[in-house]
Amino acid sequence: MPAETSMEEREQLKLEKLQSTLNRAYKNVPFHRNRFLEQELSPQDIISLADLEKLPFMNRSHLSTHYPYGLFAVPLRDIVRIHTAPGTGDSPSISGYTKADLLIWKKLVAQSLGAAGVTEMDIIQIQLPPGLANWGRDYKDGGEDMGAGVIPNSSLSLSKTLMVLRDYKTTTLVTTPAFAEQLMDHMFDQERNPNELNLKRIILVGEPVDRETVAHLEERLHVDIWLNYGLSEIPGPAIAHECAGHCGLHINDDLILPEIINPATGTVLTSGEKGELVLTTLSARAFPLIRFRTGDMARFVTEPCNCGSSFLKMEWLNERADNYMIISGIKVSLDQVKVYLEAALGICDPDCDMDRMRLGGREILQISLVMDDTLFSDEIKNLEKLMFLTEATLTEQAGVPVKIRLMQKRV
Amino acid sequence: MLRIKNLKCSYGSITAVHGVSLSIKEGELISIIGANGAGKSSLLLAICGLMKNWSGDILFREKPLKGMSPPAIVRSGISMVPEGRQIFSPLSVMDNLKMGAYTMYRKGMKAEVKKDFQMVLDMFPILRERADQLAGTLSGGEQQMLAIGRALMARPQLLVLDEPSMGLAPKIVDMIFNTIETLRGQGVTILLVEQNARAALKISDRGYVLETGKMVLQGSSEELLVDDDVKRAYLGQDYGDFYDGREN
């Protein structure tokens with residue numbers, strides 16, 4: 001059997017994967033090729049992991065600009081799964097996966113579930129909003145791969161979800177912090193005792209959570225909470241996972257190479273400094289990401305971890321480096337919502353504020369819109385109709401529930 | 001065990017290998033897959049010291065191989081079974097095996113050589129039957145067994161096999177691959193270069209795919225076996241139309 005992998009061997013393997021990723025991207029994706037040429041570089045100029053700094057960043061707008069298949073690095077006939085995320089511009093972000101991509105991701109998700117103590121004796125229930133449906137599939141695949149029983153993601157009412165959770169003897173729930181809190185509140189409102197459940201752990205995905213919320217959920221639901229970090233567009237969930245130490249998330253840096261940069265200047269920050277997380281895929285066949293700016297703020301944890309994992313560790317911070325808001329785990333571009341709002345109302349630069357709110361246990365995007373003469377109508381019915389239609393349009397376009405609140409003009 | 005970083009090989013003004021990185025851990029069986037002209041053989045020639053014009057780093061057990069002569073590289077523990085066997089046809093089977101043990105004799109390890117003879121003849125009983133026969137009169141499969149046996153006589157830490165299935169009947173190929181698997185089970189680290197991608201990947205831990213001198217893919221055998229790019233690299237096909245095969 002092969003010997004244990006040393007630190008030098010792991011670094012070598014990362015370089016090998018990076019170089020072949022760049023070779024494939026350069027050869028098959030005009031977008032990547034042109035960016036190399038603009039920098040007067042070729043993939044052969046990247047001879048160490050540190051050379052990655054020479055390459056330009058990718059961001060979410062590139063995913064929309066190259067809609068639908070412009071960033072695919074394999075022919076369409078190799079693609080076995082296509083997924084759509086809302087995106088930042090007029091077009092959604094499309095991602096594709098080959099058979100090998102799905103195989104690799106399945107193993108990665110299984111590894112993250114394993115780190116949370118999930119075994120083949122567990123029953124995993126997945127409860128994610130439609131915007132994170134692709135994660136639902138990945139968690140299903142990962143859970144099945146490790147031999148656990150999986151209740152796949154489906155849109156059930158809160159009380160039905162609770163019924164499944166109780167009657168099917170679910171031991172592990174994969175969901176967003178917003179839903180976990182909604183579930184907890186619902187149980188207590190309905191005077192349901194958490195002892196009725198077999199639930200041992202909740203794996204929270206989609207957004208960072210503070211220790212108080214975690215402690216509150218753990219205490220009231222009698223469970224252990226584990227955080228997973230992922231990207232909703234590509235390549236998927238469970239890029240980083242918490243270990244038993246619960247002090248930071250281990251990034252699977254054998255498959256994804258992370259950097260932390262200063263979001264304002266783009267310079268790479270040294271270990272331990274807070275900045276924007278930038279990711280480069282090392283294994284993705286269909287859709288390589290090269291220096292993708294996630295907008296998520298994080299810092300690398302330099303202290304060694306007690307769990308013995310050799311994966312790099314990061315602290316996921318509850319801040320953003322971009323103008324996005326996370327609603328029920330889904331990233332929403334506030335700039336894009338404003339564009340949608342302008343189009344729906346037919347006015348330029350509407351005066352508004354946007355906030356994340358709880359409504360009936362659900363997280364929504366609330367737009368506080370300042371009334372002015374262009375919006376005003378002498379028939380209240382017309383105004384109500386316009387707001388209703390705008391809410392419906394924005395909800396459909398942004399992929400999260402939107403409510404509009406009309407405000408008086410600011411003085 | 002073997003770490004190659006940014007290897008470039010050229011023949012005059014023609015570059016055959018463009019900055020390839022590759023590594024093998026102790027005990028691993030690694031396959032390199034690629035079509036003709038992908039740079040596989042150039043890579044092996046550089047490892048074995050048979051190519052002059054290369055740049056980059058090749059480290060074997062943390063020691064650079066740059067500037068070492070082929071015999072010194074064999075002494076350090078790398079043995080190669082070359083493409084097309086290249087056995088000594090006018091010599092007997094036994095003498096061919098003795099040639100493989102040349103470096104062992106030089107070290108005065110006669111007792112070990114005697115043991116190795118038995119090991120090789122046990123592994124390939126047909127060679128025992130043909131011990132005194134001229135190597136050139138053996139069949140293709142037997143010659144391949146002899147070439148592997150000869151390489152094993154040097155007690156390699158890393159065994160490099162260049163296209164061991166080439167020109168052999170399917171049944172013999174199965175036998176050769178079974179032998180490679182057995183050797184791997186005995187703890188020999190193996191670098192296997194093959195055009196027979198599926199057969200090679202089935203017995204390998206990991207694989208690398210070379211295309212026109214560049215590494216375009218690597219991964220566990222399980223991942224590569226489901227990858228369409230592997231098929232393309234092996235067949236030397238290009239992408240053609242992006243929508244090819246998915247059009248109405």
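Two residues are taken to be in contact if their C-beta atoms, placed from the backbone, lie within 7 Å. The structure is a predicted model, in which local features need pLDDT of at least 70 and side-chain atom pairs count only at pLDDT 80 or more, while totals for chains, interfaces and linings use all residues. Residues are numbered from 1 along each chain as its sequence is written, and chains are lettered from A and ligands numbered from 1 in the order in which they are written.

By the contact criterion, 30 residues of chain B touch 29 residues of chain A. On the chain B side, at least two residues each come from strand 1 (2-11), strand 2 (14-24), strand 10 (214-220), helix 10 (221-225) and helix 11 (228-235). Helices (H or I, at least four residues) and strands (E, at least two) are DSSP runs, numbered from the N terminus. Strand 10 of chain B gives the most to this side, with six residues. The side of chain B that touches chain A comprises eight nonpolar, nine polar and 13 charged residues; Ala, Val, Leu, Ile, Met, Phe, Trp, Tyr, Cys and Pro count as nonpolar, Asp, Glu, Lys and Arg as charged, and the others, Gly among them, as polar.

Within chain A, an open sheet of eleven strands with mixed pairing has the order 4-3-5-6-7-8-9-13-12-11-10, where two strands pair if DSSP finds at least two bridges between them. Strand 4 (149-151) and strand 10 of chain A are the edge strands, each pairing on one side only. On average, neighbouring strands of the sheet are turned by 35° against each other, direction ignored. Strand 10 (residues 256-261) of chain A runs antiparallel to strand 11 of chain A, to which six bridges join it, and Leu257(A) stands opposite Thr280(A). Four bridges link strand 11 to strand 12 (residues 292-301) of chain A, also in the antiparallel sense, with Val278(A) and Arg293(A) as bridge partners. Seven of the seven residues of strand 11 (residues 275-281) of chain A are buried, so this strand is largely enclosed by the rest of the structure. A residue is buried if 20 or more other C-beta atoms lie within 10 Å of its own, C-beta atoms being placed from the backbone.

In chain B, helix 3 (residues 93-100) and helix 7 (residues 140-152) pack at an angle of about 35°, with their axes 7 Å apart. Axes are lines fitted to C-alpha atoms, for helices over the stretch in contact, and angles run from 0 to 180 degrees between N-to-C directions. Helix 3 of chain B contributes Val93(B), Asn96(B), Leu97(B), Met99(B) and Gly100(B) to this contact, and helix 7 of chain B contributes Leu146(B), Gly149(B), Arg150(B) and Ala151(B). These residues divide into five nonpolar, three polar and one charged. The buried residues of helix 3 of chain B include Val93(B), Asn96(B), Leu97(B) and Gly100(B). Seen down the axis of helix 3 of chain B, its buried residues fall within an arc of 95° and so line one face of the helix, the arc being that of the directions from the helix axis to the C-beta atoms. They pack against helix 4 (102-106), helix 5 (110-123), helix 6 (125-129) and helix 7 of chain B.

Helix 1 (residues 40-47) of chain B is mostly covered, with eight of its eight residues buried. Gly49(B), which follows helix 1 of chain B, has a positive phi, near 80°.

How values were computed. Buried ≥ 20, exposed ≤ 12 C-beta atoms within 10 Å, placed from the backbone.
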